[in-house]
Amino acid sequence: MIKKIILIVLCFAIVFKSFRLDLYASDIKNKATIDAIRDAESDVKKPLWLLVGAIGGPVGVAFSYFHKDYPSATRLIGKPPEYVLTYLEVYRKTTKKLKLKAAVAGSIIALITYFYLNNISALNTGCFNTSPECSSTCAGCSSSSIDTGCSSVEGWSNTGCSSGSSGCSSGTSGGSGGCASSGGSSGCAYIGF
Amino acid sequence: MKVVFINFFLLFLISSLYSEKFSIFANFERVVVRANNKESILGSLWYWGSDEYFVDIFFPLKQKIKYNSKNFYLYYPDNNIAFKFSLNSIKDLIYFNPFSAQEIEKLVEKLGYKKNEKKSQNNYSEYKKKSSSYILVILKDEKGRITSLKIKDKKNFVFAHVVYEEYYEVDNRSFPTRLSGVFYDDIRKDYYSEKIEYKDIKINEKVPDEIANFSLPQNVLIKEFDFK
């Protein structure tokens, strides 16, 4: 009977000890993870990587992926090996992820800005219209693209779209045959300025 | 930039400033406080020659740190494991070099910062760099010893403030034995304070052979860390 009790107590002691060791190890790893994420977020200069992505495009994104960041040595002093291993691994992954995200975001912003500015310049030409009606009837437009409608390089004043008329009849009103703005429902609606 | 001049990556530069043989031994205590969490580290430091360090940590665990011109090792004798880093992968070992304080101005200039003569006077100096938005402010005492270093932005927000105190004088050299600083991250959300104190200082003692020629035991598991 006594032997059994001793055996049970010993078993409990072993289980408890290994449980405590596990807890200790996971505590260290948790702390290392938290510290590494915090330090990585602080160390990565997001605006810089945003700019790299915006300027470099895919090259910038690739660069952000391959670029290495190193932690400060003082963060590892007095720390156990489990901490060092976890910290370095999490720091590496987190900095890489943050840089990549910022660079991709920069690229997307640059792309959107590029298309937006392109559209603005198309609007400035005065005959931007996605309406097939317009694109087909704007006789004065040199562009044949349906997407851009009448985004003619000739400028809007001589694109041949007259306002107020039904459709875009070339060479009618509007002075010298130009798009005299506020086309309304004419099909050659002037949506720019 | 949060990594400031008490723990800056100046080892390369320091080597050119102390070319003659000189050694220092000191015990130290380092305390880091972040969000009510206080960490203390006790250890001893050997610094000799121009670029060799040996740091022996004995609290909260046994850890030996060896630095030479090529590598940096973290060695755990109790675990029989070591981490090896190449020279350019570790930024700021200078933390343990108490001489860095006296050389900060030279080092700042080597890093590309230029003194703003208009704003500098007597013991107050301001340094700026074209490619950086930071302004460095160095204060000195009447003996010309650095007492404070601040790193701030153009809106006068101080990201780091390091105070140098309790100077130790030897052989026409002096170095602070107490360094303390407060460091903010770039987004000003988080900060921590750090203090290091050197005690039992010995100058020009012979560096023990086991430290000067320290090498890792043969059966040690060495993990080379590479950030690929």
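**Chain B in outline**

In chain B, 46% of the contacts with a separation of 6 or more are between residues 24 or more positions apart; two residues are in contact if their C-beta atoms, placed from the backbone, lie within 7 Å. Chain B holds three helices and 14 strands. Helices (H or I, at least four residues) and strands (E, at least two) are DSSP runs, numbered from the N terminus. Of the 228 residues in chain B, 29% are buried. A residue is buried if 20 or more other C-beta atoms, placed from the backbone, lie within 10 Å of its own, exposed if 12 or fewer, and partly exposed in between.

This is a predicted model, in which local features need pLDDT of at least 70 and side-chain atom pairs count only at pLDDT 80 or more, while totals for chains, interfaces and linings use all residues. Residues are numbered from 1 along each chain as its sequence is written, and chains are lettered from A and ligands numbered from 1 in the order in which they are written.

**Strands and a loop of chain B**

Strand β8 (residues 124-128) of chain B pairs with strand β7 (residues 114-115) of chain B in the antiparallel sense, over two bridges; two strands pair if DSSP finds at least two bridges between them. B:K114 has B:K128 in β8(B) as its bridge partner. β8(B) is also joined by five bridges to strand β9 (residues 135-140) of chain B, again running antiparallel. Here B:S125 has B:I138 in β9(B) as its bridge partner, and a hairpin of six residues leads from β8(B) to β9(B).

B:D185 lies in the loop between β12 (173-184) and β13 (191-203) of chain B. Because B:D185 has 17 C-beta neighbours inside 10 Å, this residue counts as partly exposed. Its C-alpha atom is separated by 7.0 Å from that of B:F159, 26 residues apart along the chain.

**Helix packing in chain A**

Helix α2 (residues 46-56) and helix α3 (residues 58-66) of chain A have axes that come within 5 Å and cross at roughly 140°. α2(A) is therefore oblique to α3(A). Axes are lines fitted to C-alpha atoms, for helices over the stretch in contact, and angles run from 0 to 180 degrees between N-to-C directions; those under 35 degrees count as roughly parallel, over 145 as roughly antiparallel, 65 to 115 as roughly perpendicular and the rest as oblique. A:W49, A:V52, A:G53, A:I55 and A:G56 of α2(A) meet residues of α3(A) including A:V59 and A:F63. Within α2(A), the buried residues include A:W49, A:V52 and A:G53, and their cover includes α3 and α4 of chain A. Just after α2(A), A:G57 has a positive phi of about 60°.

The axes of α3(A) and α4(A) lie 8 Å apart, at an angle of about 175°, so these helices are roughly antiparallel to each other. A:G60, A:V61, A:S64 and A:Y65 of α3(A) take part, with residues of α4(A) that include A:L100 and A:V104.

**The nonpolar core**

The largest nonpolar core has 58 residues, of which A:V84, A:Y87, B:L45, B:W46, B:Y53 and B:L74 touch the most other members. A nonpolar core is a set of buried Ala, Val, Leu, Ile, Met, Phe, Trp, Tyr and Cys residues joined through C-beta atoms within 7 Å. Helix α4 (residues 81-124) of chain A gives the most to this core, with eight residues. Apart from neighbours within four places in sequence, A:Y87 is in contact with A:A32, A:D35, A:A36 and A:L76.
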